[in-house]
Amino acid sequence: MRAVTVNATDFSRGLSGYLNQVQYHGQVLDIERGRRVVARLSPAPTSAPTSAPRDETSGGYPIAALAALLKLGPHLAASESAAFAVDLDAGRKQSNRAARLRDPWAK
């Protein structure tokens, strides 16, 4: 498909519409600033594993693909994971302490 040239101002004002053209129609856009092409927007390759499989009937992700989707997300470093575990333990202890307090308005 031949690229369509759009100036940066029009592109910013009509971003959603231009993204729809790229996503649904496979349109390639050359974005100009000052009569010079500064960027090209094209559909993402379909073979690249950048997301879990989509459920075409609902438009969402099937629950069976949840594990694959979570693997794509960011992960904590070992030190961050350890600090998070300490924070969770502290929160649980605080929560248990609060549960033992008597509610003065309870009957």
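Visitor: Which residues make up the largest nonpolar core?
Guide: Seven residues in all: Val6, Ala8, Phe11, Tyr18, Val22, Leu29 and Ile31. A nonpolar core is a set of buried Ala, Val, Leu, Ile, Met, Phe, Trp, Tyr and Cys residues joined through side-chain atoms within 4.5 Å. Buried means under 20% relative accessible area, exposed over 50%, partly exposed in between (1.4 Å probe, protein chains only).

Visitor: Which elements give two or more residues to this core?
Guide: α1 (8-13), α2 and β2 do. Helices (H or I, at least four residues) and strands (E, at least two) are DSSP runs, numbered from the N terminus.

Visitor: What should I know about the model itself?
Guide: It is a predicted model, where local features need pLDDT of at least 70, side-chain atom pairs count only at pLDDT 80 or more, and totals for chains, interfaces and linings use all residues. Residues are numbered from 1 along each chain as its sequence is written, and side-chain values use heavy atoms, leaving out hydrogens and water.

Visitor: Back to Leu29. What is leucine 29 in contact with, leaving aside neighbours within four places in sequence?
Guide: Val4, Val6, Phe11, Tyr18, Gln21, Val22, Ala39, Arg40 and Leu41. Contact means heavy atoms within 4.5 Å.

Visitor: New topic. How many salt bridges does the structure hold?
Guide: Two. A salt bridge is a side-chain nitrogen of Lys or Arg within 4 Å of a carboxyl oxygen of Asp or Glu. In one, aspartate 30 pairs with arginine 40, with the closest N and O atoms 2.6 Å apart. That pair links distant parts of the chain, ten residues apart: aspartate 30 is in strand β2 and arginine 40 in strand β3.

Visitor: Is aspartate 30 buried or exposed?
Guide: Aspartate 30 counts as buried, because its relative accessibility is 11%. Arginine 40 counts as exposed, at 55%.

Visitor: And which residue does arginine 92 bridge to?
Guide: Aspartate 89, with the closest N and O atoms 3.5 Å apart. They are three residues apart in helix α4 (residues 78-100), so about one helical turn separates them. Aspartate 89 is partly exposed, at 40% relative accessible area.

Visitor: Where is glutamine 27?
Guide: In the loop between α2 (15-25) and β2 (29-33). Glutamine 27 counts as buried, at 14% relative accessibility. A polar atom of its side chain lies 3.0 Å from the backbone oxygen of arginine 2.

Visitor: Where does isoleucine 63 lie?
Guide: In the loop between β3 (36-41) and α3 (66-72). Isoleucine 63 is exposed, because its relative accessible area is 72%.

Technical notes. A polar contact is a pair of N or O atoms within 3.5 Å; within protein, one must be able to donate a hydrogen and the other to accept it, and residues adjacent in sequence count only if both atoms are side-chain atoms.
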